[in-house]
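Biologist: Please take me slowly through one part of this model, a single residue and its surroundings, and then show me how to read other places in the same way.

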Amino acid sequence: MQAAMTKLPADALFLGFDSSTQSLKATAIDAGLRLHSFQSVHFDSELPHYGTKDGVHRDPKVQGRITGPVLMWVEALELVLSKLTKAGFPFEKVYGVSGSGQQHGSVYWAKDAQEYHLKKLNPLKSLLVQFQGAFSVQDSPVWMDSSTSLQCRAIEKAMGGALSLTELTGSRAYERFTGPQIRKLFETQTETYNSTERISLVSSFMASLLVGEYVAIDHSDGAGMNLMDIRHRTWSAEALEATAPGLEEKLGPLAAPHAVAGNLSTYFVERFKFRKECVVIHWSGDNPCSLAGLALNQPGDLAISLGTSDTVFGVTKDLHPGLEGHVFPNPVDPESYMAMLCYKNGSLTREEIRDRCANGSWKTFGDLLEKTLPYNRGKMGFYYKDFEILPPLPAGTRRFVIQQHDGNNFISGEVKQVSKFDPPTEVRAVVEGQFLSMRAHTERIGMPCPPERILVTGGGSTNPHLLTLMASIFGCPVYTAQRPDSASLGAALRAAHGWICNRTGEFVPIALMFSTAAEDSAIQCHLRAAAGPSDLHDGYGQLASVRAKLEQQLLDEAMHKNLCSN
Ligand code: XUL
């Protein structure tokens, strides 16, 4: 392949969006893959008329029901583009656009929405007014929803058990996955389901707005639905049937993440003065896009995203999905996969403890962390503001004190449950607890442990205290990229990569594009914390095993309670 074909035009810009739980971000990069522009819209504060808290609606009547208003996402797109306009952003230089969406969330288009809304956009009117009436469901279920346990069990049963479903799709049935959510809609609101013309993921929905017609779901985000055969990257007829009737037609096709979804609709070309030839590359899930944004490609590397959800992921050549965690196709390499763990109680839980124990200040939170000793004198907590995904435990806080003998020696048998910790202990307990859980589960699913290095992203990656503690617990150096929003950066990089693949007419390894990056490009990583001493890592290893046993105990208790209450 000619090197010139893989080069980006010198004046080109590529734009990546991230439609996440709490905000919409836009990152533009130039041909050297340097950061050019950034804008964002925070849903709660900038679009307060939707009444969201942390970007979502929590249904007071249905336990675990958590949704996001679809029109808010539409309005946010318009607002972020207006902000770019005000900042003098040169839209005419944008060759390609792509995006990242919170995974699993689903959007339900009403009958004729493509004909009467997507294809009829008038550049003189706002997007918001033109999408009134376009959706059969106004509040979209999002990844935080945990109200579909019955549907999960029914789907697993129909598929011959959790393991068969995992083997086929890369994950067992999870409450937040789109298949169980669709089955619930079909079961509880059959008419609404029947009147739905098309079902998109947040990612393919946003891409559809940009293209002006329905856009396919990409393979990486499609793997978060319990519906796609992960080996063949096609809808599984069996899984579709176990979910809802007539589903294939409503889902439309699947597509490779690096492929072109379509040309940018004339609405955006005329209203925002984008380049006429600008292409839209398929959007994908936020975690797959973060993998791209961190340029993660070494099997020994681990990425940790500290965001609304905390996720841990790595690249693997082997497809070995297990009952814990998920496997998705790698969005920038059709030959490999990403293995991932997801925790629901990430930054919102840390913030809750910061507000309660550290006067709402990250500085005080950090000072308290510094004041306390590694291992927290054996004090450990399980802090779940919401029903947790990993392990699947109900909301609530459980605190334990573990006896410590001779320095690092923790005895799992000698554990006492307590109701309170003082504020410094509480602060250390929440962070140590989160990282110990990541370490134990990472090891359990066969991801590198200790890793060669960890690349950290997400809002929490700007907190140096968290990074130092992570380096001690995992026993490896910790790096961050230039900016904490790797999902929108990853989307911008994917836009550039997709543009190259489209121009050459074949898949081009993304490493070729990275090899042309400028020295100060946004993909450069920086060391933030050196690996902690090995005895500290060993001590944390012991604590991680004690925590795993406690976790199992809590799971057994929860299961018992459930059985008793049924
Ligand atoms: C991943 C998951 C979350 C969302 C957050 O499976 O549910 O990380 O993608 O946006």
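**A close look at one arginine**

Modeller: Arg 398 is found in strand E22, where strands (E, at least two residues) and helices (H or I, at least four residues) are DSSP runs numbered from the N terminus. Before we go on, please keep in mind that this is a predicted model, in which local features need pLDDT of at least 70 and side-chain atom pairs count only at pLDDT 80 or more, while totals for chains, interfaces and linings use all residues. Residues are numbered from 1 along each chain as its sequence is written, and side-chain values use heavy atoms, with hydrogens and water left out.

Arg 398 counts as buried because its relative accessibility is 15%, and buried here means under 20% relative accessible area, exposed means over 50%, and partly exposed lies in between (1.4 Å probe, protein chains only). If we set aside residues up to four places away in sequence, Arg 398 touches Met 380, Gly 381, Phe 382, Tyr 384, Gln 417 and Leu 554, a contact being heavy atoms within 4.5 Å. The side chain of Arg 398 also reaches the backbone oxygen of Pro 394 at 3.1 Å, and one of its polar atoms lies 3.2 Å from the backbone oxygen of Gly 396. Such a polar contact is a pair of N or O atoms within 3.5 Å; within protein, one must be able to donate a hydrogen and the other to accept it, and residues adjacent in sequence count only if both atoms are side-chain atoms. For a sense of scale, Arg 398 and Met 228 are 170 residues apart in sequence and 37 Å apart in space, C-alpha to C-alpha.

The peptide bond from Leu 390 to Pro 391 is cis, with omega near -5°. Another cis bond, with omega near 0°, joins Cys 449 to Pro 450, and Pro 450 belongs to the loop between helix H17 (423–444) and strand E24 (453–457).

Although Asn 376 is not a glycine, its phi is positive, at about 55°, and the residue counts as buried because its relative accessible area is 2%. Asp 54 can be read in the same way: this residue, also not a glycine, has a positive phi of about 60°, and its place is the loop between helix H1 (43–46) and strand E4 (57–58).

Let us turn to the ligand, whose surrounding residues include Gln 102, Trp 143, Asp 286, Thr 311 and Met 340, where a residue is listed if one of its heavy atoms lies within 4 Å. An N or O atom in the side chain of His 104 is 2.6 Å from an oxygen atom of the ligand, a polar side-chain atom of Arg 176 lies 2.8 Å from a ligand oxygen, and for Ser 309 that distance is 2.7 Å. The protein covers 98% of the 290 Å² of accessible area that the ligand has on its own, with areas from the Shrake-Rupley method and a 1.4 Å probe.

A UniProt record, an unreviewed entry, places the feature "domain: Carbohydrate kinase FGGY N-terminal" at residues 142–291, although such annotations may be inferred rather than shown by experiment. The end C-alpha atoms of residues 142–291 lie 21 Å apart, and the span is 47% helix and 15% strand.

Helix H9 (residues 202–211) is largely enclosed by the rest of the structure, because ten of its ten residues are buried; among them are Val 202, Phe 205, Met 206 and Leu 209. Gly 212, with a positive phi near 85°, follows H9.

Finally, consider the cysteines. A search of the whole structure finds zero disulfides, a disulfide being a pair of cysteine sulfur atoms within 2.5 Å. Cys 525 is in no disulfide, and the nearest cysteine sulfur, that of Cys 476, is 13 Å away. Cys 525 counts as partly exposed because its relative accessibility is 23%, whereas Cys 357 is buried, with a relative accessible area of 13%.
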